[in-house]
Structure formats: C-alpha cells, structure tokens
Amino acid sequence: MSDSFDKISQQLKSRHRKSARLKYISMGALALAAAFLLVFFADMLNKGLPAFQQALVNVEVNYTEEASTNGRAAIDSEIMSVVSRSVVRVIPLDMRNDPDLEGTTENRWVLASGEVDQYLKGNRVRLDDEQKAAIDQLVEEGQVAMRFNTTFFSRGDSKMPELAGIMSAVVGTVMTMIVTLAIAFPIGVMTAVYLEEFAPDNRLTQLIEININNLAAIPSILF
Amino acid sequence: MQTNQLFLIFCSVLLLLGLAAFYVGRSKATRVRASGTSMYAQPDQYAWFTVVATALPAVLVSALGAFIMLVMGSEIPTFSLLLVSLVVAVVGLGVGMMLIRANFHARKAIERVIVWTLGGAATISILTTLGILLSIIGEALNFFQMHSFWDFITGTEWSPGNSFLASAGRGDGDGAQFGSVPLFAGTFMITAIAMCVAVPVGLLSAIYMGEYAPAKVRGVAKPMLEILAGIPTVVYGFFAAITVAPFIVRVAETVGLDASFNNALSPGIVMGIMIIPFISSLSDDVINAVPDSMRQGSLALGMTKGETIRDVVIPAALPGIISASLLGMSRALGETMIVVMAAGMRPNLSANPLEEMTTVTVRIVAAMTGDLEFDSAETLSAFALGLVLFAVTLSLNLVSVIMIRRFRDKYRVNNL
C-alpha cells in the first residue's frame, strides 16, 4: 500500500528540515573554528602586548669621583630602589671610557627595575604597600613612565628581567632558517622536477613519493 | 697547512680547470665545425660537456674519500685526497676533449647527467628515512639489551629510578622499571581528545566549504583555517598552559571536580584546534573531487541536498576523509611542544582526562635534554620510545597514503 500525498509531503517537510539542519551545523563548525582563531589571537595579544612597553625612570646622574668606582653614589639614594641594577653597573664604565664626564650631572631616562615594571603592568610583585605608594607618587610626578621597549629587540639573554631581549634568539633562528632553506630548496625543487618530468611510473618512483609524504609526517622529535 | 685553506685552494683550482675546460672545449668544437663537418650538438654544449667531464669525477672522488674517512674511520690525508681529485679532474678534462667529435651526442650526455642528479636528489628522502630509522634502531637495541622488550611493551610502571647511577658505576640500577604502557596511554588519551575536537569541526567545516559556501566565503575561510596550521606549536603550548589549563581547572571547580593544572584535557583540546586545518583542508579537496555527476544523479532521484551529502558525497569521499583523519592522528601522536608545555611529567595510568598524565614525546624530551650520561638506560629508553612512535606513525601514514591513492585512482583526479 502506498502513502497518501499528504503523508509524503509531511515527510518531505521533515526531510527538508533535516537538510537545513546539516547546513546550519556545518556552518556552525566553521564559525567555531573561526572563534578558536579569534580567541587565540585575542589571548596572545592580550598576554604579549605589555612586553613591548617598559618602565623608565627619570633620574639625575651625578658623575662624582666616588661614582667612578661605585655607581650607586651617582644616583639619589631615595630613587635608587626603583632603578635597575644594570644602570648602576654601567656608570663607572661610562666614566672610564669618557673621563670628561667626571664632575658633571645629567638628567636621564634610565631603566626601572623589573619589579617596578611588573607593578605598573598590574602583575603580582614582591613590593610592600609603602613602595607601591612611592612608585605611584613618582608616576604622578612624571618621573616614571612607560616607553616603547627597545631593550627587548636589541639585547640578548640577561639575569635581570628588565634587560632581557630576544636579539640572540632571533639571530639563532635566522641562521637556522638560512641553513634549512639552503638545504631544502635545491633538493626539494630538484626532486619535484625529477618526479614530475623524468621519473618513469614504476615501483621506485611510487616508493619515493610515498616516502616523501611520510617524511613530512614523521614526528619532528625523531629528527 | 690548514684544512680550510687546502679546501679553498682545491675549490679555486677546480673552478679554474672548469673554466679552462669550457673555453678549450668550445674552441675545439668550433674548429671542428669550421672545418666543414656537421656536428650533433652546438659548440656550447660540447663546452659544458667538458666542464662536467672535468668537475664531476673530481667532486665524486673527493666526496667518496670523505665518506670513507667518515664511515670506515680510516685515515686518508686530506692533502693527498684533494690532489688525487685534481689529477682525476685533469684526466677528465683530457677524456672530455677526446670525446669532442662530430658524431658524439654532447647534448644527450648532459641530459643524462641532469637526470641522474635530479634522481639523486629524489633518493635523498629515502636515505633520510633510512638514516633516522637506523640510528633509532641501533640505540634502541642497546636499550633492549639492558631491559627486556616484553617488559617495555607490557609493563605498567615507568620509573627510571636511579638507573642513571648504574652507568656512572654506582649502584646497579635495581628497581628501575621501564614499562611504557602509562606513557602510551597518556599519548593516546591526549590524541583521542584532540581527534574529538578536530574531526567533527574539521569535517563539518569541509562540508560547509565544499557544498554550501558561496565562493566568497570559501575564499576567506580556507586561508583562515590554514592560519591555524601555520601557528608555531610553541605558541599553542603557551595558549594551552597559560590560558586553557587554568580555565579548565576553574570550570571543573565550579562543577565540583578536581582538576590538575597539567590535565590532559587542555593540551588535547589545543592540539585538536591545531589539527583542524589538516583535516578540513584535505577533506575539502576530496569532497570537491567527488564527481558532479554523482550529485546530479542523486538530486535527480529526488533526494534533498542534505541527503545527497550524507548518503552520496560523504560515502564516496570516505577513503579521503579517513586518510585525512589518520594523518591528523599521526600528527597528534608525534606532537611535542604542546604536550611538553601543557601536559604533566608524571607517568599516570588513568582514564580521567582531568588528571595529570604524560606522553611518549614528553618522556623523550625529558630523557634527551637532561645531563644524564648518554649510555644510561634512561637516555636510551628515549630511543626505544622513539622507535615505537616511529612504527605507529609510519603505519598510520602508510595506510593514509594508500587510501588516498585508491581514491585518486577511482575517480581519476590528479590534484590530490
């Protein structure tokens, strides 16, 4: 016995509904993938962008005679606590390279210590409330400010977080890339030309093709 | 003299010889031609042939010498080796000159050299695979001499303990157990989570892009998905460890579950996101390769579009889809950086993805980057693990490649 027209058109409706559902589900999958990408980038930017800023302190550097052996003497002891140790170390060196400096004073923007930097970026730090208040005061006076982080691009590793940069890592990466390219490019192109233009379609050629596909999928850790 | 200088001198002499070969060869060929005989090839081709005849044997001889020194360990003085190579070059130049005759096919000879060079480049891939395999097998055999293969495959306890002391001559390394089951359980758990994310999202995205999306959307969506594949895995590792893991712990807390910060779920999910493009891209290609006549036939019989996709297109594209999933799976099994950063270090045989567990690749990294002695059982265990990993991923890849070949032959498409 066959179904009535009514029954068939009823079925048709549900079949079309199912068809539409598949479309929306698949659309949703793509949207989900896009959402992953968006969340990922937003998160990375959010976490990474502060690194491009760095806290600097405006200090008066007195190149006194004492400072030529002990850099701490060149900077007012009150503001000393927020200045990076790296600055203090460099002062005697500067004075040795340029003897004319002795006896002069100059106002300079120098690196703040890592703790201050982290505090201003709103991260957890090991400072007590008094120190935090002092930093806030300095910020208000315009003595401490966030500037673009040039250290990050121009320096290598360092024990002091405020002085660490990616330069040495970048050089290493670029070197590795050059070597990789120098090996992969000629061999890759030559292999492709051989397989496409010259190779007979025999067992060996198939083996090479499968093997190349496979080479790309070998876990990199085994290399 | 320094080896470096020697080598430089060798290169420059060879270059000069090659240059000389070019001009001498060409002048001879021009002379023969000027005398009125017609030749098989152009003078320039004879010139290039003499260059090849001069340089190639010399380079081969020196490369062979270097290889013998490297492999056999026998001492050949660099100076005499390079000298012999230069003599060979001069002989090659002489032979090349002799061969310049009217009835010699210089062009074909050059062609043959080119084909052989290209073929050589193609076999490098096979040699690389063999090299990896041999180096892993060699060290893995060393490991299996210390610990039984059977214990390694079936043991459920991974505790290298103080096996590193044994190689240093202190203690005998008793109590060290190398049972790889917990490691592989962790690996497969994380892989399974990744596949649960990647297969549905990737496959459905591919269906949408292949069957529904207007060309504009497709043009945007496909490169967008491929961005996901281009992100370095270290960055994914950050994402998993810093953002996803704490998020999962917080969600688990609100539900009343106890999750570790090194839970298996976060690297699994992030790895799944990474694999989406592998699956969607290949599946999309496969779905596009299904011939239109099949869709038309199905629609003509009164099936709706959804039914056509479900009952006609997907079954036809199934080998390709499975092959894409297997490729993604082997990628997930071997993935290192995400799990190193986000998964735990403690081997743990558990079915709860919220617990800390470690993977094969994490153990390999831990064993190889430490300052342990190289021939200690713990370091060598990395090679045994690597061997098993290699075997698993190799078989997955092979099945995948063979399936996609079947599909290609069936529908006669060439761009897969």
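**Ground rules.** I am working with a predicted model, where local features need pLDDT of at least 70, side-chain atom pairs count only at pLDDT 80 or more, and totals for chains, interfaces and linings use all residues. Residues are numbered from 1 along each chain as its sequence is written, with chains lettered from A and ligands numbered from 1 in the order in which they are written.

Entry: I looked up contacts (C-beta atoms, placed from the backbone, within 7 Å) and found 41 residues of chain A against 55 residues of chain B. On the chain A side, α1 (5–48), α7 (167–198) and α8 (203–217) each supply at least two residues; helices here are DSSP runs of H or I, at least four residues, numbered from the N terminus. The most comes from α1(A), with 20 residues. By class, I get 28 nonpolar, 8 polar and 5 charged on that side of chain A; Ala, Val, Leu, Ile, Met, Phe, Trp, Tyr, Cys and Pro count as nonpolar, Asp, Glu, Lys and Arg as charged, and the others, Gly among them, as polar.

**Entry: α8(A).** Next I checked which residues of α8(A) are buried (20 or more other C-beta atoms within 10 Å of their own, C-beta atoms being placed from the backbone). They are A:Ile208, A:Asn211, A:Ile212, A:Asn214 and A:Ala217. These buried residues pack against α7 of chain A, and also against α4 (106–146), α12 and α15 (377–411) of chain B.

Notes: Contact = placed C-beta atoms within 7 Å. Buried ≥ 20, exposed ≤ 12 C-beta atoms within 10 Å, placed from the backbone.
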